[in-house]
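The points are grouped by topic.

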Amino acid sequence: ARRRRHWPPRNSSHDRERPPHKQKKMPATLGAVLLTFAAASAFVASPSGRATRHVVRAEESVVEAIEAVEEVAVAAPAVEEFTASSLVGATEPFGFFDPLGISAQVSEKRMLYFREAELKHGRVAMLAALGFLVAERFHPLFGGNIDVPSYVAYQQTPLQTFWPVVVLYIGVIEIFSVFTFENPFSTGNYWTISASHAPGDFDFDPLDLKPTDPKEYEAMQCKELNNGRLAMIAIAGMVAQELATGAKLFA
């Protein structure tokens with residue numbers, strides 16, 4: 001059989017002399033594959049090649065970055081989860097005293113609200129317990145004629161007529177506490193205090209009694225809490241006794 005000859009012959013001068021717009025073009029897919037292969041082969045060149053040096057440097061940079069991140073992670077202090085037992089005021093002999101488990105059912109910001117309420121009531125109770133005892137023995141105000149048990153002494157003064165003014169005065173002082181609350185319309189949480197606010201701290205220290213040492217400050221906080229708790233129990237007992245007897249405490 002006669003072999004069929006290709007015309008014009010391959011690689012002949014006919015192809016070389018063909019105008020550029022009539023020369024055969026390489027398919028786009030094949031060209032992309034060849035380019036990809038060529039780019040990939042650059043990373044498997046001989047150890048003395050430039051590409052290998054770039055790869056080694058890149059690997060070293062990645063390793064250094066990972067080590068730096070690990071060092072930062074180790075050096076960074078762990079954020080402790082909030083627990084009510086970590087608050088100041090858990091002192092001996094009872095330690096952290098919450099037999100009903102109320103603190104376990106509220107959030108941190110809600111717990112801070114409870115702590116500020118405890119401090120406020122404790123401070124008022126300390127003043128009340130002292131005034132309750134002193135006023136029954138020493139009462140120079142309003143002409144010195146108010147000589148009755150303390151639980152009814154208020155009714156014997158002209159202040160009874162102006163009690164709305166007294167309530168307004170108390171409200172003016174208390175309004176500053178509102179600015180420490182979180183906005184319930186944006187957070188959806190009611191009666192919560194911002195975590196950045198220290199409960200009971202209203203920047204009122206005219207005698208500069210606040211210690212600068214953290215340990216001394218914590219000890220003073222514990223004393224205030226314990227005395228306030230005792231005063232709340234004490235004033236409740238004083239009022240109950242006078243209500244039961246109708247007479248002064250030390251008649």
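On a 1 Å grid over the protein atoms alone, a cavity is a set of points where a 1.4 Å probe fits but cannot get out, whereas a pocket is an open set with protein on both sides within 12 Å along at least five of seven lines; lining residues have an atom within 4 Å of a point. Helices (H or I, at least four residues) and strands (E, at least two) are DSSP runs, numbered from the N terminus. The model is predicted: local features need pLDDT of at least 70 and side-chain atom pairs count only at pLDDT 80 or more, while totals for chains, interfaces and linings use all residues. Residues are numbered from 1 along each chain as its sequence is written, and side-chain values use heavy atoms, with hydrogens and water left out.

**Cavity**

- The structure holds one cavity of 30 Å³ or more, and the volume of the largest cavity is about 30 Å³; a volume is the space filled by probe spheres set on the grid points, which are joined across faces, edges and corners.
- The lining of the largest cavity consists of Glu118, Leu119, Gly122, Arg123, Met126, Glu224, Leu225, Gly228 and Arg229.
- Two or more of these lining residues come from each of α4 (108-137) and α7 (214-245), and the largest share, five residues, is that of α4.
- By class, the cavity lining has three nonpolar, two polar and four charged residues; Ala, Val, Leu, Ile, Met, Phe, Trp, Tyr, Cys and Pro count as nonpolar, Asp, Glu, Lys and Arg as charged, and the others, Gly among them, as polar.

**Pockets**

- The largest pocket has a volume of about 1,600 Å³.
- The largest pocket is lined by 37 residues, with Arg123, Gly200, Phe202, Phe204 and Glu224 nearest its centre.
- At least two residues of the lining of the largest pocket are supplied by each of α4, α5 and α7, and α4 provides the largest share, twelve residues.
- The lining of the largest pocket divides into 23 nonpolar, four polar and ten charged residues.
- The second largest pocket has a volume of about 810 Å³, and of its 26 lining residues Phe97, Asp98, Arg115, Glu118 and Arg229 are the closest to its centre.
- Both α4 and α7 supply at least two residues of the lining of the second largest pocket, to which α7 gives the most, with five residues.
- In the lining of the second largest pocket, 16 residues are nonpolar, five polar and five charged.

**Salt bridges**

- The structure holds seven salt bridges, each defined as a side-chain nitrogen of Lys or Arg within 4 Å of a carboxyl oxygen of Asp or Glu.
- One of them joins Asp147 and Lys248, whose closest N and O atoms are 2.2 Å apart.
- This pair links distant parts of the chain, 101 residues apart: Asp147 lies in the loop between α4 and α5, and Lys248 in the segment after α7.
- Asp147 counts as partly exposed because its relative accessibility is 47%; buried means under 20% relative accessible area, exposed over 50%, and partly exposed in between (1.4 Å probe, protein chains only).
- Lys120 forms a salt bridge with Glu174, with 2.6 Å between the closest N and O atoms.
- This bridge also links distant parts of the chain, with Lys120 in helix α4 and Glu174 in helix α5 (residues 163-178), 54 residues apart.
- Lys120, at 19% relative accessibility, counts as buried, whereas Glu174 is partly exposed, with a relative accessible area of 39%.

**Glu116 and its partners**

- Glu116 forms a salt bridge with Lys120, the closest N and O atoms lying 3.8 Å apart.
- Glu116 and Lys120 are both in helix α4, four residues apart, about one turn of the helix.
- Glu116 is buried, at 2% relative accessibility.
- The side chain of Glu116 also makes a polar contact with the side chain of His197 (2.8 Å); a polar contact is a pair of N or O atoms within 3.5 Å, where within protein one must be able to donate a hydrogen and the other to accept it, and residues adjacent in sequence count only if both atoms are side-chain atoms.
- His197 is found in the loop between α6 (184-187) and α7, and its relative accessibility of 14% is why it counts as buried.
- Not counting residues up to four places away in sequence, His197 touches Glu116 and Thr180, contact meaning heavy atoms within 4.5 Å.
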